[in-house]
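Dear colleague,

Please find the structure below, handed over for your records. My notes on its interfaces and on the surroundings of its ligand follow.

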Amino acid sequence: MLVTDRIAGRSVQLMATCLCDAFYDDVARATVEVLEHVGCEVEFPEDQTCCGQPAFNGGDWPASRKVVRHTLKVFEGEKPVIVPSGSCAAMAFHGSPLQFEREPDLDQVKALGKRTWELTDFLVNGLGVDSWTGRYHARIALHHSCHGRGTRTGEAMERLLKTIEGVEVVSFSEPEQCCGFGGTFAVTFPHISKSMGQLKIKNMVSADPDVIVSADMSCLMHQAGLAEREGIDFRVRHIAQVLRNAISDS
Amino acid sequence: MKTQPIDRYAKDLDPEVYASIHQTSNRRVLQREGSLFGDYPHANRLRHWAGELKRHTISHIDKYLEQAVTAMESRGVEVHFASEAESARRQILEILKSHKVDRICKSKSMVTEEIDLRRYLEKHGIETWESDLGEFVVQLDDDHPSHIVTPIIHKNRFQIARTFRDHGLGDYTEDPENLTQQARKFLREKYLSSIGTMTGANFVSAESGRIVVVTNEGNSRFGLAGAKVHIAVVGIEKLVPRDEDLALYLNLLARSSTGQHLTIYTEFIVGPRPENQPEGPENMHVIFIDNGRSETLASDCRDALNCIRCGACLNVCPVFRQASGHAYRHTYPGPIGAVLAPNLVGKEGFAELADLPKASSLCGACNEVCPVDIPIPDLLLRLRNRGKEEGAPGSKIASPPMGAWATLASSPTAWKMALKGGHLMNVIPHGMIPVPALRTWLEDRTLPDWQGGSFRRWLRNRKQK
Ligand code: SF4
């Protein structure tokens, strides 16, 4: 039985993120399938590249603004822009406006930010979906990525996961601690980034989860990359993959 | 490859120091959460309110400062202003000399650390004792505090025991109670024989000119009890508009910093001893210190001046925990320090500290716990941009250049080609990868297989079906 409400005729634009474009094609696919499952028509503007965050965080704002201006053109219009990443979504509604504070096109940047959503935030708070369907048998350690702080993403993920049969969300210590990815931070401060990651991995693994789930592939890429080097068994999934796999198992 | 100084410091950090910091800061994070949200389920609203009020105060600082000074002077307080550290030190020395004070006991104050007062006074023949237990240990070790609330967060009791023994305070003991007794006995004699005392101020009410000093050891009170002269050294940003605002800030301060409901001792000091009061200092001096604050006020990092020095952002900061406070090379470490320090040192000093704002994963935990809701990550980002604009070397170290990437990411054709070309990464040996940042990444981590273009292909195939 399908518990999820379908909202028909909703047209959205997908911002797949550069990371999914390059490494995590399945996450982008899952995002499309999840959105279609709730009745959205998904449009993928072919000219999209990146949200501009690497240069923004790195402190090279002129370089970042160049990319953001390109993104503004690519995502013209009124449709909601959905991103399978809390971090890229926050870049659109928080980071970009900050670096455009004294720029003539600030209003356009803010307007794009206003209609940009992280995937689960959109499902729960944009579309009003409050339960999910299907089965997913796993103990899940939920990594709340830092860009979700102060947004509704964490709550939205938990809400949906709770309604999936077989899901058990486990808690672990120091959950508020960052995993140390931080974009360019990971290579500018390699030792600190690695130590933060190892601590995070240790805390999560000690809760004995089957899988680590997050709304951000970037954190998971860093964590999984570290864990693999250390020979730690560490399976990661994006929340979109969990939602998609739950449906296919219903 | 050149590495960032803070990263290097963290790498070389003594594991014992790391353990002390991690343990205490983690405990503080839990205590804060318990006491704040336990008592105020809507504590975040309090934080926003406290932030707004502080922002208002700082924006009208000239008005509130004038009001505070008038109130203070009407009660017989002598008020002085110091635009920078040297002027503050000189004025303080003159005051002490004019009252013939040759020994003082002072309570904990970060602004006196900022102007390196103790070493200066001692050089000029004034015996100066830190009466806060942590600061006392710092003094004996000729060290610097590594945290704004917990100065010796980097030390454990075994190290303290050795210090006390080496300075002849008593027999070696690892019992915290006994150690405290040793310090108490030593300091008590200093208190009783000094006629001068010094405090900072946690808050100053503009309305009444009251200065508020909080301690957990009662040391400021003890100092005040016997002294004839009281000097309060105060950063100009310590103002709040009214006495009644203190309730909000005192409640937030104690919970945010140590998880207490209220600090054990809270002094409200309005002026020197009036005629009808049997005891207390006959002379009270307040030194208002600017030392880079006006310049910060005029910058886009003004919000940093709202800080009430609770230390919560340090405790929760994963970078501070890995690197320790000393890694920041300034009185104010941690997230707020990475904003305050490069600002307080002024234009000339900025380049020297331009690496500090980079020492953050921008995780935002600092903003989340800040009792006055300072958007620390935003301020760090602004400073990174400034570092890049000014070409400060510290901000460049180990930072991947972004120009070529920006060109690629604003040209869809080139981008699509790169997505395809990236498949090379799956086959060439890592050592041959021409991007230094990528090599650094691969030193500690693996990279998933390059799948560039797969998603787009899937999407196209699907449409054709
Ligand atoms: S910035 Fe905020 S959290 Fe950090 S010390 Fe200041 S008041 Fe406390």
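**Salt bridges and interfaces**

Over all chains, a search of the whole structure finds 47 salt bridges, a salt bridge being a side-chain nitrogen of Lys or Arg within 4 Å of a carboxyl oxygen of Asp or Glu. One of them joins the side chains of A:Arg244 and A:Asp26, at 2.8 Å from N to O. A:Arg244 lies in helix H12 (residues 239–248) of chain A and A:Asp26 in helix H2 of chain A, so this pair ties together parts that are 218 residues apart in sequence. Helices (H or I, at least four residues) and strands (E, at least two) are DSSP runs, numbered from the N terminus.

Please note that this is a predicted model, in which local features need pLDDT of at least 70 and side-chain atom pairs count only at pLDDT 80 or more, while totals for chains, interfaces and linings use all residues. Residues are numbered from 1 along each chain as its sequence is written, chains are lettered from A and ligands numbered from 1 in the order in which they are written, and side-chain values use heavy atoms, with hydrogens and water left out.

**The two domains of chain A**

Chain A is assigned domain 1 (11–125) and domain 2 (131–249), with bounds that come from an automatic or database domain assignment. Taken over C-alpha atoms, the centres of these two domains of chain A are separated by 21 Å. Domain 1 of chain A brings 30 residues to the contact and domain 2 of chain A brings 23 residues, where contact means heavy atoms within 4.5 Å.

Between them, the two domains of chain A bury about 2200 Å², 68% of it on carbon and sulfur atoms; buried area is the accessible area (1.4 Å probe) that two parts lose on being put together, summed over both. On the side of domain 1 of chain A, the most area is lost by A:His37, A:Thr120 and A:Val124, together 20% of what that side buries.

Three salt bridges are counted between domain 1 and domain 2 of chain A. A:Arg244 also meets A:Glu33 in a side-chain salt bridge, at 3.3 Å from N to O.

**Chain B against chain A**

The contact between the chains takes 71 residues from chain B and 67 residues from chain A. Together chain B and chain A bury about 6000 Å², 61% of it on carbon and sulfur atoms. Their interface holds 11 salt bridges, among them that of B:Arg456 with A:Asp21, at 2.7 Å from N to O. Helix H24 (residues 454–464) of chain B gives the most to the side of chain B that touches chain A, with seven residues.

**Chain B and the ligand**

Chain B is divided into domain 1 (1–399) and domain 2 (413–464), and the C-alpha centres of these domains of chain B lie 49 Å apart. The ligand is surrounded by 13 residues, of which the closest are B:Cys307, B:Cys310, B:Gly311, B:Cys313 and B:Cys370; a residue counts here if one of its heavy atoms lies within 4 Å of the ligand.

With kind regards
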